[in-house]
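Here are some notes to read alongside the structure. Keep the view open and follow each point in turn.

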Amino acid sequence: MNVLDAAIVLVGVIALLNLLLTLGLVRRLREHTDRLNRLSAGRVAGRPDPQLRIGDRPPEFEAATVDGRRLTGRDAPLLVGFFARRCQPCKEWVPRFARAAGALPGGRERALAVVVGTEEETADLVAQLRPAAMVVTEELDGPMGRSFGVAGYPTLYRLAEDGTVAATDPYEVVTSPVAG
């Protein structure tokens with residue numbers, strides 16, 4: 001009978017440990033879910049979302065394209081995309097952005113692509129984007145990225161004719177028709 005009692009106690013202890021570990025795991029998953037929800041809402045550690053929202057107007061900016069053209073906020077592109085060389089999702093979105101930019105009335109003058117990195121690092125992305133959009137290269141957290149409140153890559157905006165943000169969802173940015 002002592003062996004049976006010991007086995008029952010052992011199973012009870014194992015069940016209790018399993019319950020404690022499960023409760024700890026559930027608590028950790030809730031913490032991670034809360035963190036992911038804050039990140040997806042653009043808030044990290046209580047900071048407000050730095051990205052522009054629909055209806056916002058991007059602040060004035062100045063930049064030089066890889067072709068040497070000076071741009072300011074008054075140049076009013078309809079599509080604006082921010083891409084980084086080491087960003088895996090950017091590899092999927094660059095061709096989509098280039099197709100959407102190429103379909104804009106007014107041609108490449110109505111689309112702006114900002115590629116983060118050095119000239120050598122970004123050559124392949126620049127080559128893909130240049131036929132369809134004006135392209136600016138800058139370092140991480142450069143002036144264009146700060147102006148548009150870029151917190152991650154890729155970040156895409158569709159601007160209305162009045163210069164306000166009309167769309168921020170990448171799928172909507174590359175598929176919405178533009179009145180032109």
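1. Start with a term. Contact means heavy atoms within 4.5 Å. The model is a predicted one. In it, the buried residues of α2 pack against β3 (79–84), β4 (111–116) and β6 (155–159). They also pack against two helices, α3 (123–129) and α5 (170–175).

2. Which residues of α2 are buried? They are C90, W93, V94, F97, A98, A100 and A101. Look at the spacing with the helix turn in mind. An α-helix has 3.6 residues a turn, so residues three or four places apart point the same way.

3. Now check the length of α2. The helix covers residues 88–102, which is 15 residues.

4. Where does α2 bend? The bend is at V94, by about 25 degrees. A proline, P95, follows within four residues. V94 is also one of the buried residues of α2.

5. Next, the sheet. Five strands form an open sheet in the order β5-β4-β3-β6-β7, and the pairing is mixed. β5 (134–138) and β7 (165–167) stand at the edges. Each has a single partner strand, so one side of each has no neighbour in the sheet. On average, neighbouring strands are turned by 30 degrees against each other, direction ignored.

6. Take one pair from inside that order. Strands of a sheet pair through backbone hydrogen bonds, either parallel or antiparallel. β3 and β6 pair in the antiparallel sense, over four bridges. G81 stands opposite L156 in β6.

7. α2 lies across β3, β4 and β6. The helix runs at about 155 degrees to β3.

8. How many disulfides are there? The count is one. A disulfide is a covalent bond between the sulfur atoms of two cysteines. Here C87 is joined to C90, with an S to S distance of 2.4 Å. The torsion about the S-S bond is about 85 degrees, so this disulfide is right-handed. Both cysteines, C87 and C90, are buried.

9. Last, a loop residue. T65 sits in the loop between β1 (62–64) and β2 (70–72). Is T65 buried or exposed? Its relative accessibility is 8%. Buried means under 20%, so T65 counts as buried. Leaving out residues up to four places away in sequence, T65 touches L71, M134, V135 and V136.

Conventions. Residues are numbered from 1 along each chain as its sequence is written. This is a predicted model: local features need pLDDT of at least 70, side-chain atom pairs count only at pLDDT 80 or more; totals for chains, interfaces and linings use all residues. Side-chain values use heavy atoms; hydrogens and water are left out. The expected span of a helix is 1.5 Å times one less than its number of residues. The bend at a residue is the angle between axes fitted to the seven residues ending there and the seven starting there. Buried means under 20% relative accessible area, exposed over 50%, partly exposed in between (1.4 Å probe, protein chains only). A disulfide is a pair of cysteine sulfur atoms within 2.5 Å. Two strands pair if DSSP finds at least two bridges between them. Axes are lines fitted to C-alpha atoms, for helices over the stretch in contact, and angles run from 0 to 180 degrees between N-to-C directions.
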